[in-house]
Amino acid sequence: MAAALTAALLWAFAFPAPAAVKPASELLLVTGRYSLFGLCGLYVLCRGRRQLKLMPMRRILFGLYIGFVGYFVFYICVSYSATMGSGFITAVIVGSSPITIAVAGNFAEKRMSWSELVGPVLLILSGLTLLSTADFIHGGPPNRAQDSLFGILLALMAMLTWSYFVVRNAQSQRTWETKPDPKIWAALVAMGAGGASMVLLPFAIATTPEETFSPYPLFKIIAWCVFLGVIGSWWGTYIWVKAAQGIPVPLVGPLLATETIFGAIMSLPAERRMPTWTEVGGALFILAGIAVYMVFDVKNSRSRGDGAGAKQKSDASDVPAVT
């Protein structure tokens, strides 16, 4: 549990980072982070090239593809959402991804009744409505309100992108007759994100404000890229995979949800503000929706028995978690 909480904390730094590295552009943070993440994956692939040669080309391409979508595209949406809106709101919205994952997964293989998903979905929709109207309720400037609304739309896109990644990755792992080595698969995913980042890195540098390249801002962006790319993405996922091998199935969901709490709390000091009551209310509705879903999920895990629970635990450990 301590290892799982550590992994969740490392991932949560992704939400305050865009505000913390200003005036550096969001694109520079994303490309710098995932270029380093991709280099970690490249190192692992070079060491395991014999195993890589045994994999069919279509699986290699699929690993690169979901790495690009689930990491690079996801964090592009998160970064711009956090700076146009709020890292606090972004963390809370992205944290509701277990519900969209459950809904998408239920179409593929039914794990719980649709009636059990109605309550969590309605709570989350209520929370999203409150968050969307926060600036209008508090009389914020029109431009600020529009930016916040666009930031929320980007956060929703990030949530859907991550949900797609998790569902497609889990389905592929279950349906393939021979599962790839977890380290090789994680390295392919890293290369999928890193390849796109390395291509766009020169453009990101060229479009970054000149003041970013002063000594202190430059040191800050490099430090954040190293931390997020190597420690957050690579070691965070490695720690989680190790932790998931000893976590009881009912605790997997709640421990993953702590990332949302960590991210929301850390975003506020980076933005130098306190949350409004409307934001707090929206966040509580969303967290309540996640909690209700987890109650039903725990109940269904127990009703399926130990065998199904062990399978779910194996699936959870195979899927890299958020960022």
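A residue is called buried when its relative accessible area is under 20%, exposed when that area is over 50%, and partly exposed in between. These terms are applied here to a predicted model, in which K22, at a relative accessible area of 37%, is therefore partly exposed.

**Overall architecture**

The protein is built from 14 helices and has zero strands, so that the order of elements from the N terminus reads α-α-α-α-α-α-α-α-α-α-α-α-α-α. Of its 323 residues, 51% are buried. When contacts between residues at least 6 apart in sequence are considered, 89% of them join residues that are at least 24 apart.

**Nonpolar cores**

The largest nonpolar core contains 68 residues, and the members with the most contacts inside it are L29, Y71, Y75, I93, W185 and I286.

**The salt bridge and its partners**

How many salt bridges does the protein have by the distance rule? The count comes to one, and the side chains that meet in it are those of E26 and K22, with a nitrogen-to-oxygen distance of 3.1 Å. The two partners fall into separate classes of accessibility, because E26 has a relative accessibility of 10% and counts as buried, whereas K22, at 37%, is partly exposed.

P18 is located in helix 2, which covers residues 17–20, while G192 is part of helix 11. P18 is counted as buried because its relative accessibility is 2%, under the 20% limit, and G192, with a relative accessible area of 8%, is buried by that limit as well.

| Pair | Separation in sequence | C-alpha distance |
|---|---|---|
| P18 and G87 | 69 residues | 8.1 Å |
| G192 and G67 | 125 residues | 4.4 Å |

If residues up to four places away in sequence are not counted, P18 touches L29, Y75, S79, A82 and T83. Among these partners, L29 and Y75 are also listed with the most contacts inside the largest nonpolar core. With neighbours within four places in sequence likewise left aside, G192 is in contact with L64, G67 and F68.

**The second largest pocket**

Which residues lie nearest the centre of the second largest pocket? They are L28, G32, L201, I205 and I222, from a lining of 13 residues. The space in this pocket is about 170 Å³. Helix 3 (26–47), helix 11 (182–206) and helix 12 (215–244) each contribute at least two residues to the lining. Sorted by class, that lining consists of 11 nonpolar and two polar residues, with no charged residues. Helix 11, which supplies part of this lining, is also the helix that holds G192.

Technical notes:
Residues numbered from 1 in each chain as written. Predicted model: local features only at pLDDT ≥ 70, side-chain atom pairs only at ≥ 80, totals over all residues. Heavy atoms only, no water. 1 Å grid on protein atoms, 1.4 Å probe; cavity = no way out; pocket = protein on both sides within 12 Å on 5 of 7 lines; lining within 4 Å. Points joined across faces, edges and corners; volume = space filled by probe spheres on them. Helix = DSSP H or I, 4+ residues; strand = E, 2+ residues; numbered from the N terminus. Nonpolar A, V, L, I, M, F, W, Y, C, P; charged D, E, K, R; others polar. Core = buried A, V, L, I, M, F, W, Y, C linked by side-chain atoms within 4.5 Å. Buried < 20%, exposed > 50% of the residue type's maximum accessible area, 1.4 Å probe, protein only. Salt bridge = Lys/Arg side-chain N within 4 Å of Asp/Glu carboxyl O. Contact = heavy atoms within 4.5 Å.
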